[in-house]
Amino acid sequence: MPSSIEPIVLVHGGAGDIPVSRVEGKLVGVKLAANRGYDKLLKTGCVLDAVESAVRSMELDPYFNAGYGSVLTTEGNVEMEASIMNGSTLRAGCASLVKDIMHPISLARKVMDTPHNFLAGAGVMQFAKEQGFEILHPPGQLVTDYAREALEEWKEDHKRGGNLFARTEIGAVNKYKKSEVGTVGAVAIDSQGNIAVATSTGGITGKFPGRIGDTPLVGAGTYADNNVGGVSTTGHGETIMKYCLAHAILKRIELLGEDAQKATENACKAMTERLIGTAGAITIDKEGKVGVAFTSTRMAWAYRQKSMMKYGIEQGQLLEEKLEN
């Protein structure tokens with residue numbers, strides 16, 4: 001482990017066929033999240049605080065498919081999931097089928113403090129109540145107009161004879177103009193090489209009630225290990241969970257000696273070539289090197305290091321902003 005690393009907070013706002021109308025809002029949101037996570041890291045010195053803060057920022061932003069911006073099930077409800085992992089201890093907290101809670105990522109962090117890794121459904125909701133989380137009343141306050149319109153568009157397509165399972169099977173083309181895509185996530189590393197990862201999502205528009213994707217699964221949507229690095233993924237969940245994408249990226253670093261960028265690129269490409277579905281990922285390796293890659297059309301991402309913000313959303317795009325100290 002290097003004696004000293006310059007701290008970094010890296011975030012993504014979801015990979016997919018993001019419509020042009022959503023690009024600017026997503027870029028604003030990922031930069032804000034990276035700044036909030038970085039500020040929290042400097043304030044508390046805790047990488048778990050940093051990734052939780054970054055993800056909470058995006059859970060409040062309707063430009064992202066997490067928290068308040070979550071997409072809807074076939075029944076018109078929001079069912080969310082999240083996970084968080086500590087690279088120094090390998091402890092993880094995962095939550096699924098979360099309803100009417102603004103910040104699923106904070107609930108996942110509370111799960112980390114239990115004897116278990118994963119709580120879901122009625123159990124996680126009971127746990128949330130016991131831990132003092134606000135359960136929004138009346139139900140449905142997380143449903144946005146945009147999400148309602150997306151579900152109606154999805155339903156109309158299937159009334160016209162569209163394939164109910166088309167997006168679930170391949171996840172490669174988003175033909176719905178208003179359908180939100182992806183997930184949100186954050187990876188952070190401190191000066192001592194401690195790494196944490198957090199990921200949160202509302203899933204996919206028109207999913208069956210009870211559907212669970214890759215986001216809450218350790219090794220698929222989230223993984224952190226101080227000895228190797230940390231990864232948060234986004235994209236077609238059924239594909240990502242089959243390939244264990246987060247773990248696959250870290251194994252390329254550990255066993256093949258690839259750097260964070262090369263491992264992220266190669267793993268995403270190999271997954272899509274094998275299974276068709278598209279995805280993206282953000283990575284920080286144990287040396288503090290960053291990796292950002294995606295096989296989908298777009299993925300919003302940003303990272304903060306010292307007074308420099310780097311970000312992008314298109315393939316091959318790298319934008320930079322110098323920030324005031």
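**Helices, loops and confidence**

Modeller: Helices α2 and α3 run roughly antiparallel to each other. Angles over 145 degrees get that label, while under 35 degrees is roughly parallel, 65 to 115 is roughly perpendicular and the rest is oblique. The axes of α2 and α3 come within 8 Å and cross at roughly 150°. Their contact (heavy atoms within 4.5 Å) involves residues including Leu 48 and Glu 52 of α2, and Ile 105 and Arg 109 of α3.

Colleague: Before we go on, what kind of model is this?

Modeller: This is a predicted model, where local features need pLDDT of at least 70, side-chain atom pairs count only at pLDDT 80 or more, and totals for chains, interfaces and linings use all residues. Residues are numbered from 1 along each chain as its sequence is written, and side-chain values use heavy atoms, with hydrogens and water left out.

Colleague: What is the average pLDDT of the chain?

Modeller: The chain averages 93, and 92% of the residues score at least 70. pLDDT is the predictor's confidence in each residue, from 0 to 100.

Colleague: And where does pLDDT stay under 50?

Modeller: That happens over residues 164–174, for which the model has 30 contacts beyond four places in sequence. Where pLDDT is low, the predicted coordinates should not be read in detail.

Colleague: Noted. How are the helices and strands assigned?

Modeller: They are DSSP runs numbered from the N terminus, with helices being H or I over at least four residues and strands being E over at least two.

Colleague: What about α1 and α2, at what angle do they pack?

Modeller: Helix α1 (residues 23–44) and helix α2 (residues 47–59) pack at about 155°, with their axes 8 Å apart. Axes are lines fitted to C-alpha atoms, for helices over the stretch in contact, and angles run from 0 to 180 degrees between N-to-C directions. α1 and α2 are therefore roughly antiparallel to each other. Their contact includes Gly 29, Ala 33 and Gly 37 of α1 together with Ala 50, Ser 53 and Ala 54 of α2.

Colleague: Let's jump to α8. What span should it have, and what does the model show?

Modeller: Helix α8 has 12 residues (245–256) and, at 1.5 Å a residue, should span 16 Å; its end C-alpha atoms are 16 Å apart, which agrees. The expected span is 1.5 Å times one less than the number of residues.

Colleague: Which residues of α8 are buried, and what covers them?

Modeller: The buried residues of α8 include Leu 245, Ile 249 and Ile 253. Their cover includes α7 (237–243), α9 (260–275) and β9 (279–285). After α8 comes Gly 257, whose phi is positive, near 75°.

Colleague: How do α8 and α9 pack?

Modeller: They pack at about 135°, with axes 9 Å apart. That makes α8 oblique to α9. The contact involves Ile 249 and Arg 252 of α8, and Ala 263 and Met 271 of α9, among others.

Colleague: New topic: which residues other than glycine have a positive phi?

Modeller: Leu 90 is one of them, at about 65°, and Ile 276 is another, at about 75°. Leu 90 sits in the loop between β2 and β3, and Ile 276 in the loop between α9 and β9. At 40% relative accessibility, Leu 90 counts as partly exposed. Most residues other than glycine have a negative phi, and most peptide bonds are trans.

Colleague: Which residues does a cis peptide bond join?

Modeller: His 137 and Pro 138, with omega about -5°. Pro 138 lies in the loop between α4 and α5.

Colleague: Last one: where is Thr 295?

Modeller: Thr 295 is in the loop between β10 (290–294) and β11 (298–305). At 27% relative accessibility, Thr 295 is partly exposed. Leaving aside neighbours within four places in sequence, its contacts include Cys 268, Thr 272 and Gln 315.

Methods. Buried means under 20% relative accessible area, exposed over 50%, partly exposed in between (1.4 Å probe, protein chains only).
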